[in-house]
Amino acid sequence: MLNSLLTPTAVGGMTLPHRLVMAPMTRDRSTPEGIPTDLNAEYYAQRASHALIITEGTQPSADGQGYLLTPGVHSDEQIAGWRKVTDAVHAANGRIFIQLMHVGRISHPDNTPHGRQPVAPSAIRPEGVMFTASGPREMPIPRALSSQEIAATVDEFRRAAAAAVAAGADGVEIHAANGYLVHQFLSGNTNQRTDRYGGSIDNRIRFAVEVAAAVADEIGSDRTGVRISPGNTYNDIAESDTVELYPALVRALGPLGLAYLHVMHMGDDALLEILRTLWPATLILNRGGTELPIRAKDIENGTADMVSVGALALANPDLVERLRSGAPLNTPDPATFYGGGAAGYTDYPTYTV
């Protein structure tokens, strides 16, 4: 029943042994300076049998950090830390893309190295709180980026992509989902600008397309992916025009020749079908919490070329081997998802007969 997940495929310039991708998952286990550690290298290397690893969200700049203990890829020390990770994954015959995640307004000054006010398309405070070292704090009103700062932010993504490749990554994924900065430009409730980056759909997709074009120009389109989550309300997003917005975005991204589009499916099957028709390259689909036979059917019927798994990969470092042999799966422990040490991170057992 799961055989379609285990068939070979190709993405960008990579030939892959099967179609199971490790989804990006925040784990909050880097150093306070955003430097990946030996423990992080062990974690990712354990999961190298996935066809492709997409890392946790990684800030492209100091302004891009929102959470405690998340990694960056904009300093020499962070690049050196990521080199440990990529070397370990490659030594285990794996492939790894670093996800570039600028959180925008989903932040608090206490969690950033410079203590500055968060930035966003518009000065609109998000509902909710941010966990900081001193406890939960209300997120402040962000500062709206100027047009010059938008151009500088695009360049931050470009430089971070170059740094990721210098650190040994096989490519990068641009996080345009889950209510973070790129998604904030897409959504009308977070983007109320009146310049060329706001208002119309063509204007609201402009930042996402500029970031993707800059990254592809810097490291190659075959090393660049984009993740979207149409209709996702996470982080106080309220999209009213997904049926028009996302086809326009996908049409604009298509000519860039990117390696893949990574869709976090929120339930709109008709929109997913439209995006599948429009997208000319590999489509990675994430149906969070859905049984694997349903995901296998997405491969069989052409809805997706690959599928990404989150908690299953987190709890089963040898997920691919377990599926091939029919072995039972470990159960994820949500209490250890965020922060801490090896417990719930590198101590999930591999299967032995």
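Tutor: Let's begin with burial: a residue is buried under 20% relative accessible area, exposed over 50%, and partly exposed in between (1.4 Å probe, protein chains only). Here Asp 236 is partly exposed, at 28%. Keep in mind that this is a predicted model, where local features need pLDDT of at least 70, side-chain atom pairs count only at pLDDT 80 or more, and totals for chains, interfaces and linings use all residues. Numbering runs from 1 along each chain as its sequence is written, and side-chain values use heavy atoms, leaving out hydrogens and water.

Student: What is the phi of Asp 236?

Tutor: Most residues other than glycine have a negative phi. Asp 236, although not a glycine, has a positive phi of about 60°. Asn 235 also has a positive value, near 60°, but Asn 235 is buried, with a relative accessible area of 13%.

Student: Where does Asn 235 lie?

Tutor: In the loop between strand 11 (224–228) and helix 7 (242–253); helices (H or I, at least four residues) and strands (E, at least two) are DSSP runs numbered from the N terminus. Asp 236 is found in the loop between strand 11 and helix 7.

Student: How many aromatic pairs does a search of the whole structure find?

Tutor: It finds 9. Rings of Phe, Tyr and Trp (its six-membered ring) pair if their centres lie within 6.5 Å; planes under 30 degrees apart are stacked, over 60 edge-to-face, and the rest tilted. Tyr 43 and Tyr 44 are edge-to-face, 4.9 Å centre to centre with 65° between the planes. Tyr 43 is buried at 0% relative accessibility, and Tyr 44 is buried at 1%. Ring pairs join Tyr 43, Tyr 44, Trp 82 and Tyr 345 into a cluster.

Student: Why is the pair of Phe 185 and Tyr 197 edge-to-face?

Tutor: Because their planes are at 70°, with the ring centres 6.3 Å apart. Phe 185 lies in helix 4 (residues 181–186) and Tyr 197 in the loop between helix 4 and helix 5 (201–204), so the pair ties together parts 12 residues apart in sequence. Phe 185 is buried at 0%, and Tyr 197 is buried at 5%.

Student: Which residues have the most contacts inside the largest nonpolar core?

Tutor: A nonpolar core is a set of buried Ala, Val, Leu, Ile, Met, Phe, Trp, Tyr and Cys residues joined through side-chain atoms within 4.5 Å. The largest has 79 residues, and Phe 207, Ile 228 and Leu 249 have the most contacts inside it. Helix 6 (residues 206–219) gives the most to this core, with 9 residues. Apart from this core lies another of 12 residues, including Leu 16 and Met 306. Phe 207 touches (heavy atoms within 4.5 Å) residues including Phe 185 and Tyr 197, not counting residues up to four places away in sequence.

Student: Which residues lie nearest the centre of the largest pocket?

Tutor: On a 1 Å grid over the protein atoms alone, a cavity is a set of points where a 1.4 Å probe fits but cannot get out; a pocket is an open set with protein on both sides within 12 Å along at least five of seven lines, and lining residues have an atom within 4 Å of a point. Of the 33 residues lining the largest pocket, Pro 24, Met 25, Thr 26, Tyr 234 and Tyr 338 lie nearest its centre. Strand 7 (129–132) and helix 10 (311–315) each supply at least two lining residues.
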